[in-house]
Structures are given as C-alpha cells and as structure tokens.
Amino acid sequence: MVVLSARLLSPLLPTLAALCRAPPRQHRGLSSPSGPGYSLNLGGIFPPLATPFSPTQEVDYAQLEGNLRRYASIPFRGLVVLGSNGEYPYLAPRERLEVVSCVRRALPRDRLLLAGSGCESTQATIKLTVSMAEAGADVALVVTPCYYRGGMTSAALVQHYTEVADASPIPVVLYSVPANTGLDLPLEAVLTLAQHPNIVGIKDSGGDITRMGLMVHKTRQEDFQVLAGSAGFLLASYALGASGGVCALANVLGAPLCQLDRLCREGHWQEARNLQHRLIEPNTAVTRRFGIPGLKKAMEWFGYYGGPCRAPLAPLSPAQVEELRGTFSANGWL
C-alpha cells in the first residue's frame, strides 16, 4: 500500500501544475487520466460491487437492486461485478451469471459493466467469458490463474491471455492482484499483451507505483489503459497517467472518490492531495486490515446494504467494528 505524505508529494506539485497548463493534447495524455484515442474509454471510477447475501447466505438480489439504485446518482464510469470484493470464488456458476444479468438490467447503457471471468484453466476462462458477454457484460476482467503458480511463467500467462482474448466476444482487462493470488503479472507479459487488439487495459492492485508508471509509459502507443486497483494510491496513479480506478472503497465513499477523479482531471492537485490523505486510512481498513467483512460493515453506515459474507469469511468482532468506525470518524467521514 502506498501512503502519500505531504513531504513526498510536495516536490511533485510544481510539475503537476505545469502539466495542467500544458496544451490540450499534452494535458490529456499526461495529467488527465482519460487520454485520447482509446477504442473504449475506461477513464473514471468503478466500484467492485460487494455481493449482498441474505441471513441464510443466499444471494439477495433485492438488496443488490437497492444498492444499485443508490449508486445511480454517483457519476461512476461503470461497475465491476464478480471481482475479489464480490466474493467471486464463493459463487456458483449459475449465481455468477445471474448477478451479471441483474446488474445489467439496472445499469444505464452509457455505464460500463466489467465482469470477472477468470478461472484456473484457459478453457474454463473462455467459456465463462463468453457466458458473461451473453449475460450483458461489456468487458471481461480476467484475474491471473494462480493455483499452479510455480508454472505460471511469463510465457504461460501470455499464452493464456492471448487465447482468452482471441476467443472473447468482448474486450478483456487484465487483473493482477498479488495479495490474493501470490502472483504479480510480470511487466514484460503486460507489455506483450498490451499489443493484442482485444486487450484494452489492466487493473493493477499491487500498489507498485514505479511499475504502474512504466506500464503507462511503455504502452503509450497502444490502445491500452492502466487502472489503479485501490483508492490508497489513486492520486499517485493519476499523476503518472493512469486512466481510472477500480476501488473497493467506492462501495462506501463513491462520491468522494469521483470527486478525487475530477480534481485530478481538472488539475486541482492540492485539493486532490488533501482529499487523498483522508481516504488512505479508511481504504486500508476495508481492504488489507478488515477485508470484505469490514467493507460490508462500513457500507451499512453510509446507507447501503452490506449484510453477511459467505462462510468461511467471518463477521467482525465488536472490537474490530469499533476500530473500523474510529478510522472513518478520525478522517471526517462519520
């Protein structure tokens, strides 16, 4: 997790301000995350939706629809379903498709729907990706296979993603989340895959800003966008040219994250820095510290349905709930 202190970021501010005064094309390509010439604009904030469960741990589609109605007023670029925060590994294949269909029905056509379709085998990933497209997904978010991670060489991963992208009827976004998979999609593999016409970007949740900056720099001639995988390093990612963010915290603080996105695009870096600072600790709390149980508990304080997780994920203890609430309160959100 990258922590943006005032001491570290202050030297960047004159440069960032200069970028804001640059001619329009240079401004878009560097200080604005959206960039020109993309076939599919991924610029903006995407919450990776939590999957609501009933007290008996069944998918609660009525509560999902209720959350979607509340999110409709927030200017998200789109939504992500069946990511890590959606408890994707705990859903049956039928449930995965039903969740996609439910969200697609509620989502305006001008908002993108990204759906997780990564499986351990290439064959299964292709089959699920096709099914996700048929259920209404606009983009497939494909996590790295990792069970046999000793065999997941750069060449093996390039072959896997190439076959998936060749067969997919919708664009593919790579997904690297080493905290969950123990596997970082190698940079050289990303740069090779960025040349594929049906691979349009990557969600990188590792938090290595140097790596993200290199991805942006080395793929600048490709139709390829980099998405920050966490709100904790969103501003730093934007400063290096990332297009947007897929951020768990957007389930809770969606409007402030969209505000941060807007401030960065408009070049208001001092205001963006101040807001970023207030998001770092809450983000850590609902990701690394307390995970999905913490995320779902926090959602309830902001008017959304969180509900239980599926076993074996356990609810927070009273002491953990108090610590979580204190984190949000200390940063001015409660």
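1. Pocket lining by element. In this predicted model, four elements each supply at least two residues of the lining of the largest pocket: strand S4 (139-143), helix H8 (178-181), helix H13 (269-289) and helix H14 (291-301). Helix H13 provides the largest share of that lining, namely four residues.

2. Pocket volume and composition. The largest pocket holds about 960 Å³ of space. Its lining comprises 43 residues, and those nearest the centre of the pocket are Ser84, Asn85, Tyr175, Val177 and Asn180. By residue class, the lining divides into 22 nonpolar, 16 polar and five charged residues.

3. Overall architecture. The secondary structure of the protein chain amounts to 15 helices and eight strands. Of the 334 residues in the chain, 58% are buried. When contacts between residues at least 6 apart in sequence are considered, 74% of them join residues at least 24 apart.

4. In the model, valine 246 belongs to strand S8, which spans residues 244-246. Is this valine buried or exposed? Valine 246 counts as buried because its relative accessible area is 1%, and the cut-off for buried is under 20%. With neighbours within four places in sequence left aside, valine 246 is in contact with Phe46, Pro48, Val80, Lys203, Leu227, Ala228, Gly229 and Ser230.

5. Aspartate 261. This residue is found in helix H12, residues 254-266. Aspartate 261 has a relative accessible area of 9% and is therefore classed as buried. Not counting residues up to four places away in sequence, aspartate 261 touches Gly44, Ile45 and Tyr238.

6. Aromatic pairs. The structure holds five aromatic pairs. One of them is formed by phenylalanine 302 and phenylalanine 328, with 5.7 Å from centre to centre and 55° between the planes, an arrangement classed as tilted. This pair links distant parts of the chain: phenylalanine 302 lies in the loop between H14 and helix H15 (318-330), phenylalanine 328 lies in helix H15, and the two are 26 residues apart. The tilted label follows because an angle under 30 degrees would count as stacked and one over 60 as edge-to-face.

7. Aromatic cluster. Which residues form one aromatic cluster? The members are Tyr71, Phe76 and Tyr304.

8. Cysteine 146. The loop between S4 and helix H7 (154-167) contains cysteine 146. Its relative accessibility is 17%, so cysteine 146 counts as buried. From C-alpha to C-alpha, cysteine 146 and cysteine 119 are 9.2 Å apart in space, and 27 residues separate their positions in sequence. Cysteine 146 also touches Glu120 and Thr181, residues up to four places away in sequence not being counted.

9. Leucine 82, although not a glycine, has a positive phi of about 65°. Leucine 82 is found in the loop between strand S2 (78-81) and helix H5 (93-106), and glutamate 87 is likewise placed in the loop between S2 and H5. Glutamate 87, also not a glycine, has a positive phi of about 55°. Are these residues buried or exposed? Leucine 82 is buried, with a relative accessible area of 3%, and glutamate 87 counts as buried at 1% relative accessibility.

10. Cis peptide bond. Where does the cis peptide bond between alanine and proline occur? The bond joins alanine 311 and proline 312, and its omega is about 15°. Proline 312 lies in the loop between H14 and H15.

Note on methods. Residues are numbered from 1 along each chain as its sequence is written. This is a predicted model: local features need pLDDT of at least 70, side-chain atom pairs count only at pLDDT 80 or more; totals for chains, interfaces and linings use all residues. Side-chain values use heavy atoms; hydrogens and water are left out. On a 1 Å grid over the protein atoms alone, a cavity is a set of points where a 1.4 Å probe fits but cannot get out, and a pocket is an open set with protein on both sides within 12 Å along at least five of seven lines; lining residues have an atom within 4 Å of a point. Grid points are joined across faces, edges and corners, and a volume is the space filled by probe spheres set on the points. Ala, Val, Leu, Ile, Met, Phe, Trp, Tyr, Cys and Pro count as nonpolar, Asp, Glu, Lys and Arg as charged, and the others, Gly among them, as polar. Buried means under 20% relative accessible area, exposed over 50%, partly exposed in between (1.4 Å probe, protein chains only). Contact means heavy atoms within 4.5 Å. Rings of Phe, Tyr and Trp (its six-membered ring) pair if their centres lie within 6.5 Å; planes under 30 degrees apart count as stacked, over 60 as edge-to-face and the rest as tilted.
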